[in-house]
Amino acid sequence: MKIGLAYDLKQEVSATAAAPDDALEEYDSTETINLLAAAIENAGHQTVRLGGGRQFLNNILETSVDFVFNISEGRGNYRGREAQVPAVLEMLGIPYSGADPQTLSIALDKPLTKQLLRSAGITTPKWHVFRSADDLKDLDWAGFRFPAFIKPAFEGSSKGIRLTSMANSPNEVAERVNALLNSYGQTVMAEEFIDGDEVTCGIIGNFAADGTEPLVLPMRIVPRQKTGHFIYSLEIKRDYKQLVDYEYPARLSPSIISHIKAQALTVFTTLGCRDFSRIDFRIATDGTPYFLEINPLPGLSVDSDLYILITQMGWSHDKLIRTIFSSALARYPQLCR
């Protein structure tokens, strides 16, 4: 088959001078696209590089493809940007990998995601939302436990997640919220900080009629030197080889592992995720997993958490891509004949 690749390259996207230094963090490198193409070609298919943005629009209209492997993050800082490519593909009737536009749009809106999942029985830290500085006025902090964690509401790839994101008082919250409102130009949220183990849970595959279930893979991130509260921040991720260790299987009690897996699958199914996702939790001192956020379009570079996780299982990058690809194709019986 002819497989289109939809993606956004860092070097093809421009950031304004006023943009934060992580503005292009979620976009991919040519190295990642080369690995993606090689894996699909090794499975016996032809690949076509569609790119992203206007280039993607031109290419998808001019090039006939049977299927699109989508890792495009979309353009702009809109909360629905990750839905841009899937929405076009659905309009054109072209099958593709990963979550649909609705799931992608909801999941990038962190407060909305938390609200939906809380109604589904998922435990998540309390939060406040700030659309402007006016929302800071006369806010009732009763029942809210400090420290708080301050982050942009519509970002992924740890954008805006810094070692300085903690706030120990309403005044510190106001200071950090105003800074993020100015630098990211979007809604900001303050969330109760859960002091405990950081766990990211990869999910690969789907529920199928033959009884197949997705792989649910909790991995613990362990700081090599812990001084105070551990934050798996952008600074840490940019230097992860020196600063943290990754533990799969996670050395947590069987009951906690079981609870994480059950919560992760509920998140995955409630939001309508498909093929692959990654879900972040913090484990409180009493063993309760607290849902933080989900990425239904997680990175697939050799520095991504999902790739680091599967290497702990002895998988190659090629096997990761081909497994995701096979799971996506299986949703389209007309392509599997």
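**Rings and helices in a predicted model**

The charged end of Arg79 lies over the ring of Phe154, 5.9 Å from the ring centre. Such a charge counts when NZ of Lys or CZ of Arg is within 6 Å of the ring centre and within 35 degrees of the ring normal. This is a predicted model, where local features need pLDDT of at least 70 and side-chain atom pairs pLDDT 80 or more, while totals for chains, interfaces and linings use all residues. Residues are numbered from 1 along each chain as its sequence is written, and side-chain values use heavy atoms, without hydrogens and water.

Now the aromatic pairs. The whole structure holds 12 of them (rings of Phe, Tyr and Trp, the last by its six-membered ring, with centres within 6.5 Å). Tyr232 and Tyr246 have ring centres 6.4 Å apart and planes at 70°, so they pair edge-to-face (over 60 degrees; under 30 is stacked, the rest tilted). Tyr232 sits in the loop between strand S9 (215–223) and helix H7 (234–238). Tyr246 belongs to strand S10 (residues 244–247), so the pair ties together parts 14 residues apart in sequence. Helices (H or I, at least four residues) and strands (E, at least two) are DSSP runs, numbered from the N terminus. Tyr232 is buried, at 7% relative accessible area. Tyr246 is buried too, at 12% (buried is under 20%, exposed over 50%, partly exposed in between, with a 1.4 Å probe and protein chains only). Elsewhere, Phe67, Phe69, Phe325 and Tyr332 form one aromatic cluster.

Last, a helix contact. Ile106, Ala107 and Leu108 in H4 meet Lys110, Leu112, Thr113 and Leu116 in H5 (heavy atoms within 4.5 Å).
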